[in-house]
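This report describes a sheet, a helix packed on it, and the nonpolar cores of one protein model. The structure is shown first.

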Amino acid sequence: MRALLLVAALVAAVQGFVAPAPAQTTRTRVRLFAAFKQNDVKKLLASKRNAIDALGKAAPETSELTRLRFALAFPSARGTDVASARAALREAVAWRAGPGKAITDAAREAVAAATAGGGWDNEPVRAAAPHAAAINEFITPKNILTLSTDDGDLVYVIRASLIDDRKLMRRVSVAQLTDFFLYVKEVHSLIVDARAARTGRLAGVIFANDISGISAIPDAKFSQALTESSNQYEKLYPSLAGPTMILNLPFLIQGFVGLIKPLFPPSVQDRLVFESAPYLAGLDELTPLTAGETAKAAFLAEVKRKLPK
């Protein structure tokens, strides 16, 4: 019985941090991310030129790189399902001009401030987050942080057991926390797209969900906010999410992996990676990963070893 309760807690805790992919494009996107090291932006732009130009007529204010990500997200027998990509792009543009404008404006200004000195200063990004005064007490580098790989991808690390979600949800609404997580996604998008423009390599975001310490089902409102922001992820940021790593399953449920996987949306299942991460599990919190290069390098090397080849 305890093992089954832990399975329920695991799925509830992780699903909100997982970026769903459209079911019809999952396998294409998995292959794409697995080949990120070989992905040349110029070659991709050339191969998708007709679709990118067609999308440009629908949304001329968007960058070629943005249109490339939408074109890649909607493959068809002829290359790209332009009609579907066009509809999705228009929806994203409308969100940015309407409900999401404050979020995207804040993220753009925060990233500019964070990189003004030539490196990265995370404080402007934390301070500019929606409802930061209430949320930053609970969402900290102890439980959620973002790291960069040598290849330029981002690794979004979450240890949900260190988030006091019930207390947090007494301070903020579901809508406010949803906005916060959408802001995080926008920041990630700005970073990887800037790198792609600078290096010519298409980068993405790897999700590393550390299950260490989870023993209870998360707060329902917290899970709702995570799910709502996650559902927006692929619509607003296509071809950005990479593998989702489920790390350090409790011993009691390691034998239940075959039962756990079907509990996730079909669009996510192909990207799931269940692995142990001993170095990460040995940390009481995540902050050591930002305190020095040794800890960061050790963890990123662990992630690299666990990813599909």
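Five strands form an open sheet in the order β1-β2-β3-β4-β5, with mixed pairing; two strands count as paired if DSSP finds at least two bridges between them. Strands (E, at least two residues) and helices (H or I, at least four) are DSSP runs, numbered from the N terminus. At the edges lie β1 and β5 (272-275), each pairing on one side only. From one strand to the next, the twist averages 20 degrees; axes are lines fitted to C-alpha atoms, for helices over the stretch in contact, and angles run from 0 to 180 degrees between N-to-C directions.

The model is predicted: local features need pLDDT of at least 70 and side-chain atom pairs count only at pLDDT 80 or more, while totals for chains, interfaces and linings use all residues. Residues are numbered from 1 along each chain as its sequence is written, and side-chain values use heavy atoms, with hydrogens and water left out.

| Pair | Sense | Bridges | A bridge pair |
|---|---|---|---|
| β1 and β2 | antiparallel | five | I144 with I158 |
| β3 and β4 | parallel | five | F207 with T244 |

The hairpin of β1 and β2 has five residues between the strands, and G152 there takes a positive phi near 105 degrees.

Helix α17 (residues 293-306) packs on the sheet, touching β1, β2, β3, β4 and β5, where contact means heavy atoms within 4.5 Å. The direction of α17 makes about 80 degrees with that of β1. With 14 residues, α17 reaches 20 Å from its first C-alpha to its last, close to the 20 Å expected at 1.5 Å a residue; the expected span is 1.5 Å times one less than the number of residues.

Buried in α17 are A295, F299, L300, E302 and V303 (buried is under 20% relative accessible area, exposed over 50%, partly exposed in between, with a 1.4 Å probe and protein chains only). Seen down the axis of α17, its buried residues fall within an arc of 150 degrees, so they line one face of the helix; the arc is that of the directions from the helix axis to the C-beta atoms. The face turned away from the buried side carries the exposed residues E293, T294 and R305. The cover over the buried residues of α17 includes α15 (278-281) and α16 (288-291).

The largest nonpolar core has 54 residues, of which Y156, L168, L177, F180 and Y183 touch the most other members. Such a core is a set of buried Ala, Val, Leu, Ile, Met, Phe, Trp, Tyr and Cys residues joined through side-chain atoms within 4.5 Å. Helix α11 (residues 174-199) gives the most to this core, with ten residues. Another core, of 18 residues, lies apart from it and includes L147, M245, L286 and L307.
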